[in-house]
Amino acid sequence: DQYVFPYHYLVDLKNKKFNKNLFWGLDYYNYMNKVIDLATKYIKKDILDLGCGDGFLLYNLKRDYLNENVSAVGIDIDEKPIKFAQAFSVGIPNLTFVNQDIQTYNKKFDLVTVIETLEHILDNQINDFIIQIDKHLASGGILIISVPSKNVALNRKHYRHYDMNMLKEYFKKYEMLETYFITKKIVFCIN
């Protein structure tokens with residue numbers, strides 16, 4: 001049970017501040033800003049955030065950057081963070097959070113984000129999860145991924161951390177468009 005409190009919301013992207021007692025706040029602020037920059041650069045008409053957790057990314061995108069016509073959907077298999085996401089996003093048009101296994105969700109999106117999610121997928125399920133990413137990405141669509149770097153010790157909630165060789169192996173059929181190393185994270189954009 002990973003979600004007791006929606007701690008991502010302690011970082012305020014709009015006002016550029018974070019709780020001073022939040023030791024990871026500056027790291028989170030920096031890489032989330034890069035993810036938002038990439039999402040706003042590549043979005044066309046819709047976005048899917050796989051493993052959206054408490055919905056922080058889509059909430060900030062829809063609140064501050066995306067117009068009402070852009071459809072945003074967040075999916076997570078864990079019910080508790082989805083309830084947080086739904087509570088925080090009340091009144092934001094075209095923003096939906098779904099507690100569902102991605103294998104049973106059937107829609108393609110122009111932009112798919114997988115932010116700090118891959119490391120939470122069991123080793124014996126990672127290839128199937130990547131197949132699901134492919135299934136939900138429209139032809140010519142863009143995939144944005146953020147993962148922790150192998151340079152950081154493995155967290156008790158994580159099954160693995162990544163380097164570029166691992167990412168290239170998992171996503172070998174994709175063309176890498178942009179890559180960023182931000183603090184201890186790897187953020188990359190591919191299609």
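Ten of the twelve residues of strand E7 (residues 137–148) are buried, so the rest of the structure largely encloses this strand. The model described here is predicted. The protein chain contains five helices and nine strands, and from the N terminus on these elements follow the order β-β-α-β-α-β-α-β-β-α-β-α-β-β. Of the 191 residues in the protein chain, 52% are buried.

**Strand E7 and its surroundings**

- Strand E7 pairs with strand E6 (residues 109–115) in the parallel sense, over six bridges.
- Within this pairing, Val-114 has Ile-145 of E7 as its bridge partner.
- Between the two strands, the chain passes from E6 through helix H4 (residues 126–136) to E7, and this β-α-β crossover is right-handed.
- Leu-137 is a residue of strand E7. Its relative accessible area is 9%; because buried means under 20%, Leu-137 counts as buried.
- Leaving aside neighbours within four places in sequence, the residues in contact with Leu-137 include Lys-108, Phe-109, Asp-110 and Val-112. Ile-142, Leu-143 and Tyr-174 are also among the contacts of Leu-137.
- Leu-137 and Thr-113 are 24 residues apart in sequence, and their C-alpha atoms are 9.8 Å apart in space.

**Helix H3**

- Three residues of helix H3 (residues 79–88), namely Pro-81, Ile-82 and Ala-85, are buried.
- These residues cover an arc of only 105° around the axis, and therefore they lie on the same side of H3.
- The cover over the buried residues of H3 includes strand E4 (71–76) and strand E5 (95–99).
- Glu-79 and Lys-83 both belong to helix H3 and are four residues apart, which is about one turn of the helix.
- Glu-79 and Lys-83 form a salt bridge in which the closest N and O atoms are 3.4 Å apart.
- Glu-79 has a relative accessibility of 43% and so counts as partly exposed. Lys-83, at 48% relative accessibility, likewise counts as partly exposed.

**Salt bridges between separate parts of the chain**

- In the whole structure, a search finds eight salt bridges.
- One of them joins Glu-178 and Lys-41, with the closest N and O atoms 2.7 Å apart.
- Glu-178 lies in strand E8 (residues 176–182), whereas Lys-41 lies in helix H1 (residues 25–42); the pair therefore ties together parts that are 137 residues apart in sequence.
- Another salt bridge is formed by the side chains of Arg-160 and Asp-123, at 3.0 Å from N to O.
- Arg-160 is in the loop between E7 and helix H5 (164–170), and Asp-123 is in the loop between E6 and H4, so this pair ties together parts that are 37 residues apart in sequence.
- Arg-160 is buried, with a relative accessible area of 7%, whereas Asp-123 counts as partly exposed at 48% relative accessibility.

**Residues with positive phi**

- Asn-94 has a positive phi of about 60°, although this residue is not a glycine.
- Asn-94 is located in the loop between H3 and E5. Its relative accessible area of 39% makes Asn-94 partly exposed.
- Glu-116 also has a positive phi, near 55°, and is a residue other than glycine.
- Glu-116 lies in the loop between E6 and H4. At 14% relative accessibility, Glu-116 counts as buried.

**Contacts across the chain**

- Among contacts in the protein chain between residues at least 6 apart in sequence, 68% join residues that are at least 24 apart.

Definitions and conventions:
Residues numbered from 1 in each chain as written. Predicted model: local features only at pLDDT ≥ 70, side-chain atom pairs only at ≥ 80, totals over all residues. Heavy atoms only, no water. Buried < 20%, exposed > 50% of the residue type's maximum accessible area, 1.4 Å probe, protein only. Pairing = 2+ DSSP bridges. Right-handed = clockwise from strand over helix to strand, strands pointing away. Arc of directions from axis to C-beta. Contact = heavy atoms within 4.5 Å. Salt bridge = Lys/Arg side-chain N within 4 Å of Asp/Glu carboxyl O.
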